[in-house]
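Trainee: I would like to learn how to read a structure like this one. Where do we begin?

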Amino acid sequence: MPKHVAIILEGNRRWAEKRGLGPSQGQEAGARTVMENVKDYFSMGINTVSLFAFSTENWGRPGDEVKYIMDMFEKIVKSEMPNLRRYGVKVSVIGKRTNIPESLLHLIGEAEEATKNNKEKQLIMALDYSGKFDILQACKSLAEKAKNGLINIEDIDENLMDKELMTSCSEFPNPDLLIRTSGEQRISNFYLWQSAYTELYFPSVLWPDFGGAEYLEALDWYQKRQRRFGLRV
């Protein structure tokens, strides 16, 4: 079984368009799928689940759609926090925080504080996240430490870089399996450094229709890859 599964939640808007619905209804259907699936993933033995929930580029969407998404995140955090705490899930939110509404930031802070001591399961939500920004902020942090004499330039290597990336919050910072729904065969701006040795799976199903059966197909595909190529023990 993979220890860390990352998912790009793609296809909410197209799912809604196919049904003659508005974008907000597609986002709501996608959010329901997230919470239904995440619990199943953990029950199957996955340690870390990362969700590319809102990219930095998503701020370019219509204002009313962005507001709806932010409000939806607030509702999810409020409604699901008791369950996440009950099941021992550590919650981490990565990405920029300068544009996130204060009310949502407050809830995120509460969720992270309340679950910080949980060890066995971790949910990472990438909110206003950019892989390019993550690499850039890591480089700046290393440069600042070198400038202040905390590290030597010649000591900078991949291990030090890993520790500066936002995914250092996890015991398993690099995903074993990355799933992007909707059939698009690219990872866009998500985990650009962390996905160097990740298995990439691109099912054609739109995210709101990605259920337990589709996830089991992804796991079966992953396990066959491991047996065939012997990439991991």
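Mentor: This is a predicted model.

Trainee: Is W59 buried, partly exposed or exposed?

Mentor: W59 has a relative accessible area of 26%, so W59 is partly exposed.

Trainee: How do the rings of F54 and W59 sit against each other?

Mentor: They form an edge-to-face aromatic pair, with 4.9 Å from centre to centre and 75° between the planes. Another edge-to-face pair is Y129 with Y191, at 5.8 Å and 90°. Y129 belongs to strand 4, while Y191 lies in the loop between strand 5 and strand 6, 62 residues apart. Both Y129 and Y191 are buried. Together with F52 and F190, they form one aromatic cluster.

Trainee: What holds strands together in a sheet?

Mentor: Strands pair through backbone hydrogen bonds, either parallel or antiparallel. Here six strands form an open sheet with parallel pairing, in the order 3-4-2-1-5-6. Strand 3 (89-94) and strand 6 (199-201) are the edge strands, each pairing on one side only.

Trainee: How many bridges join strand 5 to strand 6?

Mentor: Three bridges join them. In one of these, L177 has E199 in strand 6 as its bridge partner.

Trainee: Which strands does helix 7 touch?

Mentor: Helix 7 (residues 212-229) packs on the sheet and touches strand 1, strand 5 and strand 6. Its direction makes about 145° with that of strand 6. Helix 3 (residues 63-86) lies across strand 2, strand 3 and strand 4, at about 160° to strand 2.

Conventions. Residues are numbered from 1 along each chain as its sequence is written. This is a predicted model: local features need pLDDT of at least 70, side-chain atom pairs count only at pLDDT 80 or more; totals for chains, interfaces and linings use all residues. Side-chain values use heavy atoms; hydrogens and water are left out. Two strands pair if DSSP finds at least two bridges between them. Helices (H or I, at least four residues) and strands (E, at least two) are DSSP runs, numbered from the N terminus. Contact means heavy atoms within 4.5 Å. Axes are lines fitted to C-alpha atoms, for helices over the stretch in contact, and angles run from 0 to 180 degrees between N-to-C directions. Rings of Phe, Tyr and Trp (its six-membered ring) pair if their centres lie within 6.5 Å; planes under 30 degrees apart count as stacked, over 60 as edge-to-face and the rest as tilted. Buried means under 20% relative accessible area, exposed over 50%, partly exposed in between (1.4 Å probe, protein chains only).
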